[in-house]
Amino acid sequence: MKGKMKAQVFYAAEKMKLEEIPIPEVTDIDVLVKIKNVGICGSDISYYYGLSPVGTATGKGPIVLGHEFTGEVVEVGKVPQAMGLYKPGDRVVVNPVQNCNACLPCAKGQTHLCENLNVPGVTVNGAFAEYCVSRYTGLFKLPGNVSYASGAFTEPFACVVNAIRKLDIEPGDFVAIFGPGAMGMMMTQLCKSVGAGKVALIGAANDDWRLEQGKKFGAAYIFNVTEKNSKYYTPDLKKSLSDITGGHLADRAIAPTSANAAFEQAVEITGNCGIIVHFGLPNGDDVFKIPALSFHTMDKQIRSAWLAPLSWGTAIKAIEEGLVKVEPILTGTYPLEKTEEAIKLLKTNPGKQLKIQIQVSK
Ligand SMILES: [Zn+2]
Ligand SMILES: [Zn+2]
């Protein structure tokens, strides 16, 4: 499709401009998508503020960010056309982590560590724009009962599916989740639906409103570990969890936050044979400090959960079946023109926000 489109072009830290740029060209293996809803991810915020480099060859802009999106197919490349996969008008959700299926990591199922990754919104232009191209292998049809807004939760929720698998929850396990954001809300729900016993949701600073939302999603306990005026404040989380669990502490812990201190605390408050999953994207110079002796003699395990390999089928089904409620996690919807404003709000005043989306078209 020839012509121009509006796009939010990211240049460098805190520099993003709404511009008219050419509609991207569709190669043989691509599909052109007219963007509907795009979620703002924690990583978009990190990129915008220059806290972590974007995925381009130089680590710098210009690039159009935005990778959590749904849309409508408008043009189909030769290969998917020959295969009869898509036609204009199809409602789709895009898995932005697009692997090549032709390298050794791909052959081992490590599709997220593919040597030729193509990631709209991270390595190539993404979805804070009117149109975006996706490789045909990254597309999925949106179930009929899933709205464009709900569908745009599939990418973050697929990461949640992958992370909760890594937690290896046993029936009845006590799970501690650090970070009452959109991810924490989805994790709370999924932990419960895969058999966790009690879930404790832990926040800091002015997180109280978000912690209270967590109760609606199934958290049995909520704690604020830094704000002394909070009614959920605990000066000693380990002791509080010890009291609740009869001294056993948490069986599992996960930290959907980029705060390094939260991850260290997650390790501290797990009990014997605890499994701790690292989830939030760290800053470039973060280092963990973990007491080695107790880690060893309590036989704990630390795992990371990076991206969402082999998790999309499960994520789409779980959203379609209503196993996770995503609509109530959406706390704001902005037009494309206000993308920067929305990113800044999430960074500077997230107290009453969970997920914010950009609705590019209806
Ligand atoms: Zn994301
Ligand atoms: Zn590959």
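Predicted model: local features only at pLDDT ≥ 70, side-chain atom pairs only at ≥ 80, totals over all residues.
Two residues are in contact when their C-beta atoms, placed from the backbone, lie within 7 Å.

Take helix α7, which covers residues 208-216. Its buried members are D208, R210, L211, Q213 and G214. What do the buried residues of α7 pack against? They pack against three elements: helix α6 (182-193), strand β9 (199-203) and strand β10 (221-224).

Now slide over to β9. This strand is mostly covered, with 5 of its 5 residues buried. Follow the side chains and you'll see V199, L201 and G203 pointing one way, while A200 and I202 point the other way. Both sets are buried.

So who are the strand's partners? On one hand there's β8 (residues 175-178), which runs parallel to β9 and is joined to it by 4 bridges. If you want a spot to look at, find F178, whose bridge partner in β9 is I202.

Time to zoom out. The protein has 12 helices and 15 strands, and it is divided into domain 1 (4-153 + 326-359) and domain 2 (160-304). The C-alpha centres of these two domains are 29 Å apart. Where they touch, 10 residues come from domain 1 and 13 residues from domain 2. On the domain 1 side, helix α1 (residues 42-48) gives the most to this contact, with 3 residues.

What about the inside? In soluble globular proteins, nonpolar side chains tend to be buried together. Here, the largest nonpolar core has 107 residues, and A176 and A266 have the most contacts inside it. Helix α5 (residues 154-167) is the top contributor, giving 8 residues to this core. Why does the core lie between the two domains? Domain 1 and domain 2 both give residues to it, so it lies between them.

Leaving out residues up to four places away in sequence, it touches A176, F178, A253, I254, A255 and I276. A176 is the other residue with the most contacts inside the core, and F178 is the one we met as the bridge partner of I202.

Last, the overall picture. Of the 362 residues in the protein, 48% are buried. Among contacts with a separation of 6 or more, 68% are between residues 24 or more positions apart. The C-alpha atoms fill a box of roughly 65 × 40 × 40 Å along the principal axes. How does the radius of gyration fit in? A compact globule of 362 residues would have one near 21 Å, and the protein has 21 Å, so the two agree.

Definitions and conventions:
Residues numbered from 1 in each chain as written. Chains lettered and ligands numbered in written order. Core = buried A, V, L, I, M, F, W, Y, C linked by C-beta atoms within 7 Å. Buried ≥ 20, exposed ≤ 12 C-beta atoms within 10 Å, placed from the backbone. Helix = DSSP H or I, 4+ residues; strand = E, 2+ residues; numbered from the N terminus. Domains from an automatic or database assignment. Rg over C-alpha atoms; globule rule 2.2 N^0.38 Å. Pairing = 2+ DSSP bridges.
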